[in-house]
Amino acid sequence: MNKLLKIHPHDNTATALQALQIGDEVAYSDEKLKNLAIAQSITKMHKVALEDIPAGAAIKKYGQIIGFASQSIRKGEHVHTHNCEMGEVSKDYAISQAYHPWKVLPEAERVGFMGYRRPGGKTGTRNYIGIITSVNCSATVAQQIAQHYNSATFHEEWSNVDGIVALTHSGGCGMRHNDEGYRMLQRTFEGFAKHPNFGGILLVGLGCETMQIEEVMAQSGLHNNAQFQAFTIQQRGGSKQAIAAGISAIDAMLPQVNTCNREFSPASDLVMAVQCGGSDAFSGFTANPALGLAADLMVSNGGTVIYSETPEIFGAEHLLTRRAESDAVAQQLLERIAWWQSYTQMHGFDLDNNPSPGNKVGGLTTIMEKSLGAQAKSGNSPLMAVYHYAEPITRSGLVFMDSPGFDPVSVTGQVASGANIVCFTTGRGSAYGCKPVPSIKLCSNSDTFRSMQDDMDINCGLVIDGEQTLQQMGDTIFEQVLAVASGKKTQSEILGYGDAEFNPWKIGAVL
């Protein structure tokens, strides 16, 4: 097995596939480098210079600039935060120049899964009853209603119901009425209330909050019926009465929700969110590109893929604009990048505050390096549309939804936009789950997979280990997506993750 990986012929760095010591002579496949003498100890996953790099010169990986040398770097030396820094990079956005229509299989040739068909045409991958809180003040009532159903016998009596989940959060009041932060939260509520992974919804408020339940319902076109009920604690005469009313409402919903059965559904009914967290240097050439190949298969079968985390495409956005269906789509993406640059500057930091400390321990040096590896999750299909946070997805194929890079906030928006399955890549070992949507964890390296087996679903490190090709891993992921969409439990579901991960994006002043 090679000890170094050079990803692109134009790169002047390579990634260590194992720890390297001073004086090691590393045989390398590039014809120009018969042997590379290691001049400094190199940690596994970290970069080594393949040639002398003068101070101020570009440092390259993936065939792209990831930073600039802050001091002279000799061949064989470690390249990381101590000698690599951000700088201005001129990007050729080449808008839509790489666009080509993607071949979508005829309906007769598409694969499918066993899902819950809902009125209105959407299909769920799970069958929960959700308790949505309009404000943090109603969180305890919602949690106690859900706790009432937390018994060993619940699933024996209601075998077709995945559970009762309370979605609580820290907002809903102390905010400006009808500004972008308000509209964003309202879109999130609407997306969850109408989500096909819910067979029933209870919306609980306090009564005096900014986010008034009646207004949310009017704006979203929601009405009280057998499978949707809404009330406030103040209307019901206090917490105890509200808890009793909530239990009564869910008791009435359960028989109908329990009658739902899985039916064959085409893969075109799947909306797959792609996400990465706790990334390392291997993420960019194992888990993320393998997920990208699975995303291509999803698009080929008529499905939808939601790519997000806008701060983590910074430095790689030009690779997406080239694939945009139109100039308008590309410009919408660039507008979101410009908004984030202004937003971060307003708060006194810049987009290179990312990577996180854990990312850097895992060998990632700059946001450009991280973004270039992260964008591989998007696969190769055209970029069909760009959406605001929690905005309903109306196009099939690859789309982009604006969000922060903080995973719980980003996934909350993707689910509100319509995602009914999540694929989450990680290198360091993120612990994450998302009710009501199953989250498949894809690990970039075998070491983390072995140490966190209870949390991980697929070991993409087998690509580096030489046991699977990238295409085989992409096929494995797609097959797992269909199995999980049909009811197979993910590791995070088995562990019980998902009750605390509902985390809507908050922007604006809290008053």
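Reading strands, helices and spaces in a predicted model

Strand S17 and strand S21 (residues 421-426) run parallel and are joined by five bridges. The model is a predicted one.

Colleague: Which strand pairs with S17 in the parallel sense over four bridges?

Modeller: That is strand S18, residues 304-307. Within this pairing, Ala 273 is opposite Ile 306 of S18.

Colleague: How many residues of S17 are buried?

Modeller: For a strand, take the count and then each face in turn. S17 covers residues 271-276, and six of its six residues are buried. One side carries Val 271, Ala 273 and Gln 275, the other Met 272, Val 274 and Cys 276, and both faces are covered.

Colleague: Which residues lie on each face of S21?

Modeller: Ile 421, Cys 423 and Thr 425 lie on one side, with Val 422, Phe 424 and Thr 426 on the other; all are buried. The count for S21 is therefore six of six, going by a cut-off of under 20% relative accessible area for a buried residue.

Colleague: Why is Thr 448 counted as buried?

Modeller: Its relative accessible area is 11%, and buried means under 20%. Thr 448 is placed in helix H13, residues 446-451. Leaving aside residues up to four places away in sequence, Thr 448 touches Gly 427, Arg 428, Gly 429 and Cys 443.

Colleague: Now the antiparallel sheets. In what order do the strands S6, S7 and S9 lie?

Modeller: The order is S6-S7-S9, in an open sheet of three strands with antiparallel pairing. Strand S6 (58-61) and strand S9 (84-85) are the edge strands, each pairing on one side only. Strand S7, residues 64-69, is joined to S9 by two bridges. One of the residues to look at is Ala 69, whose bridge partner in S9 is Cys 84.

Colleague: Which helix lies across S6 and S7?

Modeller: Helix H11, residues 367-374, does, and it runs at about 165° to S7. Eight of the eight residues in H11 are buried. Among them are Glu 369, Lys 370 and Ser 371.

Colleague: What is the order of strands in the sheet that contains S10?

Modeller: The three strands lie in the order S11-S10-S16, again as an open sheet with antiparallel pairing. The edges are strand S11 (123-124) and strand S16 (263-266), each of which pairs on one side only. Four bridges connect strand S10, residues 112-117, with S16. Gly 112 has Pro 266 as its bridge partner in S16.

Colleague: How should I approach the empty space?

Modeller: The general idea is that rolling a probe the size of a water molecule over the atoms shows where empty space is left. In this structure, the search finds four cavities of 30 Å³ or more.

Colleague: What is the volume of the largest cavity, and which residues line it?

Modeller: The largest cavity has a volume of about 50 Å³. Its lining includes Tyr 62, Cys 276, Asp 280, Asn 288, Leu 364, Glu 369 and Lys 370. H11 gives the most to this lining, with four residues.

Colleague: How much space lies in the largest pocket, and how many residues line it?

Modeller: The largest pocket holds about 620 Å³ of space, and 26 residues line it. Those nearest its centre are Arg 118, Pro 119, Phe 198, Gly 199 and Gln 227. The elements that give two or more residues to the lining are S10, strand S14 (198-205) and helix H6 (239-258).

Colleague: Which element gives the most to that lining?

Modeller: S14 does, with four residues in the lining of the largest pocket.

Note on methods. Residues are numbered from 1 along each chain as its sequence is written. This is a predicted model: local features need pLDDT of at least 70, side-chain atom pairs count only at pLDDT 80 or more; totals for chains, interfaces and linings use all residues. Side-chain values use heavy atoms; hydrogens and water are left out. Two strands pair if DSSP finds at least two bridges between them. Contact means heavy atoms within 4.5 Å. Axes are lines fitted to C-alpha atoms, for helices over the stretch in contact, and angles run from 0 to 180 degrees between N-to-C directions. Buried means under 20% relative accessible area, exposed over 50%, partly exposed in between (1.4 Å probe, protein chains only). On a 1 Å grid over the protein atoms alone, a cavity is a set of points where a 1.4 Å probe fits but cannot get out, and a pocket is an open set with protein on both sides within 12 Å along at least five of seven lines; lining residues have an atom within 4 Å of a point. Grid points are joined across faces, edges and corners, and a volume is the space filled by probe spheres set on the points.
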